[in-house]
Amino acid sequence: MSKKKRQTVTLLVLCLVLIAAGAGYFLLVRHQEAEKRAEKKAQQARELFQLSSEDIRTVEYQSKKASLSFEKDGKNWKLAKDKSFPLDQDKITDMVDEMTGVSADKTVTTDCDDLTRYDLDKPQLTVAVTDKSGKKTKIYVGMESLSGGGRYAYCDGDEKKIYLIGTSLYSSFDYNLEGLMSLPDIPAVKADKIQYLKVDAKKGKSFEAEYDKKNSPYKDIYGWSVKKPYSQPVAGDKDELQNLFGNYTDMSFDGGVTYKDNASLDKKYGFDDPSYTLTVKTAKKNIVLYFGKKKGSSYYVKKKGQKGVYLMETSNVDKLVSINALEYVYQRLYPGDQLKLNKMQLSYKGKKYDFDITKKKKKDSDTEYDYTVKTNGKTVDSDTFMKAYSVISYLAPGGNIDKNVQVSGNKPVAQFRFKEGQKDTTVILYPYDGQNLYRVSVNGIMQFTVDKSAVDKVIRQFTSLK
């Protein structure tokens with residue numbers, strides 16, 4: 001082939017390529033434009049009506065739970081029949097937003113002849129909104145589709161055309177009046193700021209704990225006294241109480257009943273004789289909640305000094321009022337101080353065992369001591385004495401004394417007297433069940449039992465020191 005012919009063929013091929021590319025580009029543009037038109041057309045078909053949330057002035061709805069009307073008053077929504085009702089503005093705003101954005105996911109039929117097929121003969125929800133021009137827009141919502149893809153609905157004036165819409169519209173209106181009540185806050189507190197906690201129980205055991213670093217009988221421990229359910233205050237455990245107080249830092253109501261308050265409501269909801277009365281105090285706050293009767297899985301609740309009756313779920317109430325006091329008692333019945341101990345006397349089986357304790361700093365140490373223990377002027381094994389003393393000074397309460405237990409006697413089994421500087425402590429052991437436990441009295445306060453085998457071992461160690 002000559003050079004001229006080759007150039008001609010090449011030019012022809014290039015022309016064909018350019019023609020094909022131009023045609024492809026033209027078809028691509030046409031396809032994209034067609035897609036845009038189809039998408040726009042489909043979008044227009046999905047939008048059931050054009051509304052602006054700013055223009056809505058009234059909202060009405062009917063459902064199985066309620067039949068309510070609301071009116072826009074300036075920036076806020078009001079209940080039409082009671083403008084003083086504390087409406088949750090966010091929930092009404094959600095309702096309006098849902099109505100202004102209703103669209104059909106699918107057109108089910110354009111020629112419906114039987115509304116009962118969709119539960120639209122008696123709609124599960126009917127919503128009507130009126131805009132500032134007075135135009136009313138209404139939609140009827142029926143059953144949920146069997147596939148779970150949405151709910152059937154039709155617009156006012158066109159019941160032949162049935163759509164499938166999302167479930168969010170129905171969910172936004174799924175409230176009774178109480179569910180739309182704005183709930184007041186319960187003041188938040190910090191656990192480490194709580195100084196007093198009390199639960200008065202109509203049935204069962206009450207609980208009371210108080211912090212008083214100056215006047216508490218246990219100011220030399222933590223300053224916490226657990227007063228109830230005990231006949232006399234016992235020392236409280238600061239760390240465990242702090243864990244308990246975490247339940248009260250962010251209390252809240254779970255639902256509303258009424259924003260009104262009068263004497264007749266007290267009896268109706270059980271506040272004339274509350275199931276529980278909860279008091280939480282800090283230096284600056286005093287919160288008192290009354291828990292009345294139960295309603296299903298909730299309690300009626302009201303706050304002292306605040307109008308209204310509200311609901312709190314039973315599971316949340318239980319965290320506030322069901323307290324096992326023993327868990328918050330200081331776990332040393334006699335909190336001995338070994339560094340201050342100078343005398344101890346044990347009375348056991350008619351004999352008295354007296355011990356004098358002295359200490360001397362160890363060489364090259366400011367915190368460790370050598371102890372000397374004497375009885376009747378004779379030096380005894382200080383290690384054995386200190387091990388036994390350590391057990392008795394860390395003796396934990398084994399449980400609360402049960403009045404229904406038939407005690408095996410009231411004559412003391414043993415008595416310890418400890419002298420630590422100016423402080424005297426008397427610990428007396430009494431029979432209890434005759435097998436596993438003793439009753440223990442510390443300075444005249446007898447609330448708990450202790451492990452019998454541990455105490456018996458300590459007694460044997462002390463009496464062996466002669």
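Tutor: Start with the cover over helix α7. Its buried residues are covered by parts that include β18 (341-348), β19 (351-361), β20 (369-375), β21 (378-380), β23 (414-420) and α8 (452-463). Contact here means heavy atoms within 4.5 Å. Helices (H or I, at least four residues) and strands (E, at least two) are DSSP runs, numbered from the N terminus.

A word on the source. This is a predicted model, where local features need pLDDT of at least 70, side-chain atom pairs count only at pLDDT 80 or more, and totals for chains, interfaces and linings use all residues. Residues are numbered from 1 along each chain as its sequence is written, and side-chain values use heavy atoms, with hydrogens and water left out.

Now the helix itself. α7 runs over residues 382-393, twelve residues in total. From first C-alpha to last it reaches 16 Å, close to the 16 Å expected at 1.5 Å a residue. That expected span is 1.5 Å times one less than the number of residues.

Which residues of α7 are buried? They are S382, F385, M386, A388, Y389, I392 and S393. Buried means under 20% relative accessible area, exposed over 50%, and partly exposed in between (1.4 Å probe, protein chains only). Look down the axis of α7: the buried residues fall within an arc of 165°, so they line one face of the helix. The arc is that of the directions from the helix axis to the C-beta atoms. An α-helix has 3.6 residues a turn, so residues three or four places apart point the same way.

Turn to the other side. The face of α7 away from its buried side carries the exposed residues D383 and K387.

Next, the start of the helix. D381 caps the N-terminal end of α7. One of its side-chain oxygens lies 3.0 Å from the backbone nitrogen of D383. A polar contact is a pair of N or O atoms within 3.5 Å; within protein, one must be able to donate a hydrogen and the other to accept it, and residues adjacent in sequence count only if both atoms are side-chain atoms.

For comparison, take helix α4 (residues 238-245). Its buried residues are L241, L244 and F245. Down the axis of α4, they fall within an arc of 95°, so they line one face of the helix. At its start, a side-chain oxygen of D237 reaches to within 3.1 Å of the backbone nitrogen of D239.

Finally, step back. The chain has eight helices and 26 strands.
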